[in-house]
Structures are given as C-alpha cells and as structure tokens.
Amino acid sequence: MTKGSLQIKANKYYAVFRVNGKLKWHSLGIDAKRGNKRKAEQAMSELTAQYNESPEDFNKTALTDYIEIWLESVKPHIDIITHEGYLQCAKKHIIPYFKEKKIALQDVKIQDIEEYYNYKSTAGRLDKKPGGLSSRTIKLHSIILNLVFKKAIHDGILKSNPCEYAKIPKMAKTQPVAKFYTVEECKKLLDITQGTPLHDMIYITTIYGLRRSEMMGLKWDAVDFENDTLTIRHTVVMQNKIVAKDKTKNRTSMRTYPLLDDVKKILLKMKSEQKKNKKLFGNCYQETGYIFAKEDGTQFYPSYPTHELQKCIKKNNLSHIRWHDLRHSCASLLILKGWQMKEISEWLGHADIGTTMNIYGHLNLDHKRKLGNTLNGLLG
C-alpha cells in the first residue's frame with residue numbers, strides 16, 4: 001500500500017509518490033496558501049486511492065507539471081528578467097495549451113510540438129485579435145520547450161528530445177522600420193517639456209540614444225565630472241516588479257560616453273536641485289543615488305517617462321512616437337551628421353553592426369541619396 005506525501009513547490013500543492021525508486025510529482029492544482037491545506041490533503045487522499053488501484057497510470061508525468069518543476073529548477077541559475085520571461089510564456093501560453101491536451105511528458109511527439117507552433121503562429125494571440133504570434137516569440141517558446149525536454153533527458157525520464165526535429169513554421173520576415181523625430185520635432189518636444197523632469201530625460205536619451213532601462217538606471221557614480229565621462233553600467237526595468245541590475249543588456253551595451261557640455265550643464269543643475277531637496281526633506285529624503293529621482297529622492301517608476309511622453313504628445317497634437325523611438329531619433333541625427341554605421345552601432349551599444357544595418361539601413365540609404373544628388377551635373 002503506497003502512501004503519498006503532500007509537498008509544496010512554486011506555491012502549489014503537490015502529491016508526491018515514490019515509483020520505481022524515483023519520486024513522481026503530481027500537481028493538485030491548489031494554491032499553497034492559508035486555508036487550502038485541508039483541501040489539498042483531501043485531494044491527495046483521493047489521488048492516493050487512485051494510485052493504489054492502478055499504479056501503472058501514475059508512471060507518467062503530466063507535461064504541464066514537469067514544466068512547473070523545470071521553471072522552479074532553473075530559477076537560481078538564470079537572470080531574474082530571463083526567468084520572468086520564461087515564466088510569462090509558460091504560464092500564459094505553453095501550460096494552458098498542453099493542459100487542455102492532457103498529454104504526458106513521456107507521450108509528447110514531434111507532431112505535438114509542431115501542432116503547438118502552428119497553432120500559435122496562426123491563432124495564438126491572447127488579446128483575442130486575429131492572427132498569431134511573431135516568429136521571434138514562437139522561437140522563444142521553442143527555447144523553453146527545448147530546455148524542458150533536455151532536463152527530462154538529464155533526469156533520466158526521456159531518451160530523446162521531440163523538439164530537436166520539430167519545425168517552426170516559416171513566416172514572412174518584415175523589415176523593421178524605425179520611427180523617429182526630426183531635429184525640428186525634437187526641439188519642439190524639448191521646448192514643450194522645458195522645466196519638467198521629462199525634458200532632461202528626453203534630452204539625454206536622444207543625445208546618447210539610450211534604452212529606457214539605461215536612462216532610468218543612471219546613477220551619480222556613473223558620472224565623472226573631472227574627466228567628463230558618462231558610463232552606462234546599471235539598468236532599471238519593470239517585470240511584474242521593479243528590477244535594478246548592475247549589468248546591461250549585453251557586453252557592448254556597457255559603454256562610456258564623453259560627457260557633452262550641454263549634458264554636463266543639465267546634470268550639474270540636477271545635482272544642485274537634489275542637494276536643495278535633501279535639505280528640504282531632511283530625514284524623509286531617500287538617498288537612492290539615481291540621477292532621475294523625485295523631489296524626495298525616490299526612484300521614478302520605470303514606466304514614468306513613457307506615460308508622460310504619451311500624455312505630452314496627445315495634449316500638444318504631436319506625431320506619435322514611442323519612448324524607444326527617441327533612440328531611433330538619435331540614430332537618424334547621427335546619420336544626418338555623416339556618422340558611419342560602425343560608429344553609430346558603437347554609440348548605441350548594439351551587439352553587432354548587423355542589428356544597426358537592419359534597423360537603420362534605409363535611413364542611411366536616404367542620406368546617401370541626398371548626398372549623391374549633389375554630384376548631379378558635376379562632370380557634365
């Protein structure tokens with residue numbers, strides 16, 4: 001007579017049985033919170049009875065249960081943002097799909113994986129709008145599934161990975177088109193926001209082409225007023241909660257800029273205002289070290305500049321752009337000034353010049369066309 005044990009993993013109750021010397025985890029689908037333990041014990045008791053009647057049915061692990069186990073197992077070994085991305089994809093897409101299929105980990109075939117990819121590519125949107133997910137998103141789903149099955153092989157549950165030969169449906173590639181503001185539009189936006197925190201955020205983002213996470217992560221220790229440098233090495237992002245990291249998106253994203261005269265003036269003024277606020281708020285002032293901080297020293301919410309920009313655009317009837325398009329605006333200004341793609345790539349902190357060419361190649365061609373027109377009739 002086998003007895004199961006009630007265990008908690010990832011804030012869920014599980015019934016655990018020892019089968020052929022190995023532990024088998026079965027999700028009870030009950031949250032491990034106050035008031036649910038008795039309910040979980042009852043569910044485990046019923047499952048134990050079923051197990052003792054036909055133990056052969058319990059030799060297999062539900063794919064969805066194993067995905068939950070995998071999510072918990074990789075958490076200590078990967079970046080918090082990466083894990084949050086895996087969690088969101090698994091919880092919102094992969095687990096609901098395969099839970100409906102009621103398929104065991106050991107029974108998954110290549111065809112099952114390909115059917116999932118095909119479904120998500122044609123009707124996988126969660127907002128109920130027609131169409132499927134992008135090829136990039138489905139690629140992320142395939143990475144997650146691959147890692148799940150690799151762990152199953154490592155754990156001795158499977159001998160082969162059904163994802164290895166599963167084909168991701170081919171979709172027409174769309175060339176990314178960057179939206180941006182012209183010099184005149186940038187100046188108008190800066191004039192409108194003069195005297196607000198948004199003005200300084202826009203100026204520094206547009207001049208250096210920073211990502212929002214990099215701009216929000218700027219700290220005073222990144223500024224060297226003596227040697228006139230500004231170093232990007234800290235980021236702040238929003239992923240269910242505010243996450244601050246002493247690392248950037250990739251190795252090339254950690255870069256040092258010359259501290260331009262206009263930016264230096266802005267920063268010195270901001271530093272002076274923070275000193276005044278510190279005296280004004282006294283013990284209530286929070287010393288966070290961030291350049292872009294509220295009057296009491298606390299951080300701005302990571303989405304603050306995005307929301308304020310959209311309100312400003314709507315109120316003043318400006319051309320619609322996203323916050324990230326200020327980064328694109330920087331690139332367009334650099335192209336206008338005659339910078340080469342390699343130089344722009346390094347300025348923006350791209351991992352490789354191919355990324356820069358894919359996004360801004362058409363802008364560079366437009367600039368070359370204008371320059372080329374000046375040669376018309378030169379030798380004629």
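Across which strands does helix α1 (residues 37–53) lie, and at about what angle does it run to β2?

Reply: The model is a predicted one, in which local features require pLDDT of at least 70 and side-chain atom pairs count only at pLDDT 80 or more, whereas totals for chains, interfaces and linings use all residues. Residues are numbered from 1 along each chain as its sequence is written, and side-chain values use heavy atoms, with hydrogens and water left out.

Helix α1 lies across β1, β2 and β3, and its direction is at about 30° to that of β2. Helices (H or I, at least four residues) and strands (E, at least two) are DSSP runs, numbered from the N terminus. Axes are lines fitted to C-alpha atoms, for helices over the stretch in contact, and angles run from 0 to 180 degrees between N-to-C directions.

The three strands form an open sheet in the order β1-β2-β3, paired in the antiparallel sense; pairing requires at least two DSSP bridges between two strands. β1 (5–9) and β3 (22–31) are the edge strands, each pairing on one side only. On average, neighbouring strands of this sheet are turned by 35° against each other, direction ignored. Five bridges join β1 to β2 (residues 12–19) in the antiparallel sense, and within this pair Ser5 faces Val16 of β2. The hairpin of β1 and β2 has two residues between the strands, and Ala10 there adopts a positive phi near 55°.

A further helix, α2 (residues 63–74), also packs on the sheet, where it touches β1, β2 and β3; contact means heavy atoms within 4.5 Å. The direction of α2 makes about 95° with that of β3.

The axes of α2 and α3 (residues 80–101) come within 10 Å and cross at roughly 175°. This crossing makes α2 roughly antiparallel to α3, given the classes used: under 35 degrees is roughly parallel, over 145 roughly antiparallel, 65 to 115 roughly perpendicular and the rest oblique. From α2, the contact is made by Leu63, Thr64, Ile67, Glu68, Trp70, Leu71 and Val74; from α3, by His83, Tyr86, Leu87, Ala90, Lys91, Ile94, Ile95, Phe98 and Lys99. Sorted by class, the contact of α2 with α3 holds 11 nonpolar, two polar and three charged residues. Here Ala, Val, Leu, Ile, Met, Phe, Trp, Tyr, Cys and Pro count as nonpolar, Asp, Glu, Lys and Arg as charged, and the others, Gly among them, as polar.

For electrostatic context, the whole structure contains 12 salt bridges, each being a side-chain nitrogen of Lys or Arg within 4 Å of a carboxyl oxygen of Asp or Glu. One of these salt bridges joins Glu214 to Arg211, with the closest N and O atoms 2.6 Å apart. Glu214 is buried, at 1% relative accessible area, and Arg211 is likewise buried at 10%; buried means under 20% relative accessible area, exposed over 50% and partly exposed in between (1.4 Å probe, protein chains only). A network of salt bridges links Arg211, Glu214 and Arg255. In another salt bridge, the side chains of Arg125 and Asp127 meet at 2.6 Å, N to O. Arg125 is partly exposed at 33% relative accessibility, as is Asp127 at 41%.
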